[in-house]
Amino acid sequence: MSKKTIIQLCFGLKLSYEESVLLLSSAEFAFSNNSVFDLVIIYFLKNRNYDIFAANAELYDRNEKLLF
């Protein structure tokens with residue numbers, strides 16, 4: 001399972017940021033403060049905004065890979 005797949009699960013399950021960190025760590029992944037992709041995802045999770053289309057729009061605007 002990839003990090004991207006786990007992040008998709010976090011959005012689908014509407015996990016909090018803390019729950020998302022736990023799920024990622026259980027699969028031996030972590031968020032990075034040096035990654036624009038991760039910072040966008042962290043922002044959405046911390047604000048409990050699970051709109052995948054809005055997240056993808058932000059990622060697209062920053063020339064990052066999309067969630068879907």
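**Buried or exposed, and how we can tell**

Me: Why does L13 count as exposed?

Reply: Its relative accessibility is 56%, and exposed means over 50% relative accessible area, buried under 20%, and partly exposed in between (1.4 Å probe, protein chains only). So L13 lands on the exposed side. Bear in mind that this is a predicted model, where local features need pLDDT of at least 70, side-chain atom pairs count only at pLDDT 80 or more, and totals for chains, interfaces and linings use all residues. Residues are numbered from 1 along each chain as its sequence is written, and side-chain values use heavy atoms, with hydrogens and water left out.

Me: Where does L13 sit?

Reply: L13 is in the loop between α1 (3-12) and α2 (17-26); helices here are DSSP runs (H or I, at least four residues), numbered from the N terminus.

Me: OK, what makes D38 buried?

Reply: D38 has 2% relative accessibility, so it counts as buried. D38 belongs to helix α3 (residues 36-46), where F37, V40, I41, I42, F44 and L45 are also among the buried residues.

Me: Which side chain makes a polar contact with that of D38?

Reply: The partner is K3, at 2.7 Å.

Me: What do the buried residues of α3 pack against?

Reply: They pack against α1, α2 and α4 (52-61), with contact taken as heavy atoms within 4.5 Å.

Me: How many residues are in the largest nonpolar core?

Reply: It has 18, and I7, F11, F31, I41, L45 and L67 have the most contacts inside it. α3 gives the most to this core, with six residues. A core here is a set of buried Ala, Val, Leu, Ile, Met, Phe, Trp, Tyr and Cys residues joined through side-chain atoms within 4.5 Å. Leaving out residues up to four places away in sequence, F11 touches I41, F44, L45, N49, Y50, I52, A55 and L67.

Me: Why is R48 called exposed?

Reply: R48 has 53% relative accessibility, so it counts as exposed. R48 lies in the loop between α3 and α4, and its phi is positive, about 50°, although it is not a glycine.

Me: And how do you know that N63 is exposed?

Reply: The relative accessible area of N63 is 73%, so N63 is exposed. N63 is in the segment after α4, and has a positive phi of about 55° although it is not a glycine.

Technical notes: Helices (H or I, at least four residues) and strands (E, at least two) are DSSP runs, numbered from the N terminus. A polar contact is a pair of N or O atoms within 3.5 Å; within protein, one must be able to donate a hydrogen and the other to accept it, and residues adjacent in sequence count only if both atoms are side-chain atoms.
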